[in-house]
Amino acid sequence: MTALRDRGIPTYTRRQRARGVGAANRGAAWMLMPALIFFIAFAIVPLLVALWLSFARWDALREPVWVGADNWLEVLSDPTTADALLLSLKVVVLSWLVQTPVSVLLGTWTAGRQRNRAVLAAIFVLPLILSSAAVAIAFKAILDPNFGLGASLGIPLLEQDWLGNEQLALITVIFVMAWQFVPFHTLLYQGAVRGIPASLYEAAQLDGAGRVSQFFHVTIPQLRYTIAASSTLIAVGTLTYFDAIFVLSAGIPNAGVRILPILMFVTGFSAHQFGKASVIAMILVVIGLAIGVLITKLSGFDRMESQQEGL
């Protein structure tokens, strides 16, 4: 250290370095403080309020009355809750099976540098501009069996009661969700594919791998963490999907689309049982957290291991 000081090179003691690191950490903490305040005010506090209400009986007119675990016992023992839970999980699985393959393929294809792909990629983003309610209104008009697209074009396949039939209503909801959110996940995969080093594809070509083999042995493994993030967003977004279903069903959802958010709305705002509705809300929180943690553990995303060893 003396030799460095003699040469005019500044040196720092361990205490000075620790002081500098501490100052940097304090600066970062102050920069994060506004986001932390907003998170506590608009996420943590409402969650705690909903948790407290789940142990109370409240109709929004009188003061809440503490009833202990009665709300939980009634909601969990109600067959309607079990049906809504199973239907919610079914919608999550079907949405993932539809949205993920389509998004991966579109994201990989639009990651190319050709001009026509850039134009199509911009068109794919258009559904993201629209709100869920606007999308639901448009599809409700298109699928109307009397005045919709099928009746106008004389196509028998489209002249069905897509929203009145329980089975068809479920298919319709999954299709509407895919139409609206596939572009978002396509952008995720497009960015991830463009971040894959070209040397991996060059090495695969030298080994004689074709395009299909490169896709399954290079692209898909490199997208592992992106798939985990996208799958988490699909699962949580599907669990909380409400507005489009409510608009599509004109406020009277049939049993085919009565998932947990719809049941929560009906219980709270139709039956005025906000304590039981809060129980359903907490069930949604627990399921969403469980799915997120499970996906993170299975994908290895929590370990943040490098996927580009040797580069």
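Which residue just after H14 takes a positive phi? Select His-272: its phi is about 55 degrees. Keep in mind throughout that this is a predicted model.

**The whole chain**

Zoom out. The protein has 15 helices and two strands. It has 311 residues, and 35% of them count as buried. Take the contacts with a separation of 6 or more: 67% of them join residues 24 or more positions apart. Now show the surface. The accessible area is about 18800 Å², with 69% belonging to carbon and sulfur atoms.

**Helix H14**

Select residues 260-270, which make up helix H14. Colour its buried residues: Leu-260, Pro-261, Ile-262, Leu-263, Thr-267 and Gly-268. What do they pack against? Four helices: H4 (79-110), H12 (224-239), H13 (243-248) and H15 (274-299).

**An aromatic cluster**

Next, select Trp-58, Phe-242, Phe-246, Phe-265, Phe-269 and Phe-274. Together these six residues form one aromatic cluster.

**Aromatic pairs**

The protein has 14 aromatic pairs. Start with Phe-38 and Phe-42, which are stacked, at 5.7 Å centre to centre with 20 degrees between the planes. Both residues sit in helix H2 (residues 14-53), four residues apart, or about one turn of the helix. Why would such a spacing put two side chains on one side? An α-helix has 3.6 residues a turn, so residues three or four places apart point the same way.

Jump to Phe-215 and Phe-216. This pair is edge-to-face, with centres 5.2 Å apart and 85 degrees between the planes. Phe-215 counts as buried because its relative accessibility is 16%, under the 20% cut-off. Phe-216 counts as exposed because its value is 53%, over the 50% cut-off.

**Helix H9**

Select residues 166-194, the 29 residues of helix H9. Begin at the N-terminal end, which Asn-165 caps. A side-chain oxygen of Asn-165 lies 2.9 Å from the backbone nitrogen of Gln-167.

Walk along to Phe-181. What happens to H9 there? The helix bends by about 40 degrees, and a proline, Pro-183, follows within four residues. Now check the length from end to end. At 1.5 Å a residue H9 should span 42 Å, and its end C-alpha atoms are 42 Å apart, so the two values agree.

Stay in H9 and pick Gln-190. This residue counts as buried, at 11% relative accessibility. Which residues is Gln-190 in contact with, leaving aside its neighbours within four places in sequence? Gly-107, Thr-110, Ala-111 and Ala-121.

**Last stop: Ala-134**

Finish in helix H7 (residues 132-142), where Ala-134 is found. Ala-134 is partly exposed, with a relative accessible area of 36%. Ala-134 and Asp-243 are 109 residues apart in sequence, yet 9.8 Å apart in space.

Note on methods. Residues numbered from 1 in each chain as written. Predicted model: local features only at pLDDT ≥ 70, side-chain atom pairs only at ≥ 80, totals over all residues. Heavy atoms only, no water. Phe/Tyr/Trp six-rings, centres within 6.5 Å; stacked < 30°, edge-to-face > 60°. Buried < 20%, exposed > 50% of the residue type's maximum accessible area, 1.4 Å probe, protein only. Expected span 1.5 Å × (residues − 1). Bend = angle between axes of the 7 residues up to and from the residue. Polar contact = N/O pair within 3.5 Å; in protein donor to acceptor, adjacent residues only side chain to side chain. Contact = heavy atoms within 4.5 Å. Areas by Shrake-Rupley, 256 points an atom, 1.4 Å probe, with all protein chains shown as cover.
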